[in-house]
Amino acid sequence: IFDNAKTDISEADEQRLIASLKKLSAYEDLEDVLDTDKVLRYFVVHNFVVNGDSYTGSMIHNYYLYEQDGKLAMIPWDYNLAFGTFQSNDADLAVNDDIDAVLSDRPMQAWMFSSEDEAYTAEYHALFAEFLETVDWGAIIDEAYTLIAPYVEKDPTKFCTAEEFETGAAALRTFCQLRSEAVAAQLAGEETAVDASGLTLLEMG
């Protein structure tokens with residue numbers, strides 16, 4: 001960890017981080033060693049976009065651990081293979097990805113499900129419900145599309161055709177719609193999976 005630090009660190013910094021990580025791994029004094037609200041919100045968005053090329057994926061990489069005054073948080077990084085496009089062509093699996101899958105060997109995620117009274121899990125679910133109700137992903141996509149589309153048309157060195165770009169944007173919208181439905185169903189305790197057979201993940205690149 002210390003060899004890859006992005007800021008100058010002292011021995012005191014190292015000892016403080018070690019102490020926080022030890023408590024986190026033992027699920028002790030979580031409010032003291034985690035910025036729980038920020039981490040929960042991180043995983044809401046992270047799990048919505050199904051980024052397998054990350055801390056929650058098989059390679060357990062592509063994230064930054066942030067520590068200040070002994071409290072830990074996560075900084076998102078490298079999301080180009082989100083929306084289920086990392087090592088998978090199965091749209092049904094991606095769209096219905098389990099938001100409550102416990103990764104016991106990854107303490108920055110597992111603590112959310114460690115509380116005996118399930119208070120953190122309930123808070124995570126409440127934030128996820130708030131996300132579904134308040135975040136206009138369609139508007140976000142439209143804004144990015146409006147910004148990018150003219151340059152796709154003009155760029156002679158682009159990696160895709162203008163038609164492929166349009167197809168990809170449409171697939172992204174479809175993914176977000178189906179993912180919203182799937183997460184809402186999970187939050188409601190429903191076991192029926194959302195049908196994503198009409199979505200081709202490779203169309204997103």
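**Questions on a predicted model**

Biologist: How many helices and strands does the chain have, and in what order do its elements run?
Modeller: Helices (H or I, at least four residues) and strands (E, at least two) are DSSP runs, numbered from the N terminus. By that rule the secondary structure comes to eight helices and two strands. From the N terminus on, the order of the elements is α-α-α-β-β-α-α-α-α-α.

Biologist: What percentage of the 205 residues in the chain is buried?
Modeller: The C-alpha trace spans about 55 × 45 × 30 Å along its principal axes. By the Shrake-Rupley method with a 1.4 Å probe, where for residues only the protein chains shown count as cover, the accessible surface of the chain comes to about 12000 Å², and 52% of this belongs to carbon and sulfur atoms. Of the 205 residues, the buried share is 35%.

Biologist: Which residue does Arg16 meet in a salt bridge?
Modeller: A salt bridge places a side-chain nitrogen of Lys or Arg within 4 Å of a carboxyl oxygen of Asp or Glu, and a search of the whole structure finds seven of them. In one, the side chain of Arg16, a residue that counts as partly exposed at 30% relative accessibility, has an N to O distance of 2.5 Å to its partner. Arg16 lies in helix H1 (residues 11–25) and the partner in strand S1 (residues 63–68), so the pair ties together parts that are 51 residues apart in sequence. The partner of Arg16 is Glu67.

Biologist: What separates Asp37 and Arg41 along helix H3?
Modeller: The side chains of these two residues meet in a salt bridge at 3.0 Å, N to O. Asp37 is partly exposed with a relative accessible area of 31%, and Arg41 is partly exposed with 38%. Because Asp37 and Arg41 are four residues apart in H3 (residues 36–48), their separation is about one helical turn.

Biologist: How far apart in space are Ala110 and Asp100, C-alpha to C-alpha?
Modeller: Ala110 has its place in helix H5 (residues 107–110) and counts as buried at 2% relative accessibility. Beyond its neighbours within four places in sequence, Ala110 is in contact with Tyr27, Val102, Leu103 and Ser104. Ala110 and Asp100 are 10 residues apart in sequence, and their C-alpha distance in space is 9.7 Å.

Biologist: How are helices H7 and H8 oriented to each other, roughly parallel or roughly antiparallel?
Modeller: Axes are lines fitted to C-alpha atoms, for helices over the stretch in contact, and angles run from 0 to 180 degrees between N-to-C directions. The axes of H7 (residues 137–154) and H8 (residues 162–187) come within 11 Å and cross at roughly 170 degrees. Angles under 35 degrees count as roughly parallel, over 145 as roughly antiparallel, 65 to 115 as roughly perpendicular, and the rest as oblique. H7 and H8 are therefore roughly antiparallel.

Biologist: How far from Ala171 in space is Gly198, C-alpha to C-alpha?
Modeller: Gly198 lies in the segment after H8 and counts as exposed at 77% relative accessibility. Gly198 and Ala171 are 27 residues apart in sequence, while from C-alpha to C-alpha the distance in space is 9.6 Å.

How values were computed
Residues numbered from 1 in each chain as written. Predicted model: local features only at pLDDT ≥ 70, side-chain atom pairs only at ≥ 80, totals over all residues. Heavy atoms only, no water. Buried < 20%, exposed > 50% of the residue type's maximum accessible area, 1.4 Å probe, protein only. Contact = heavy atoms within 4.5 Å.
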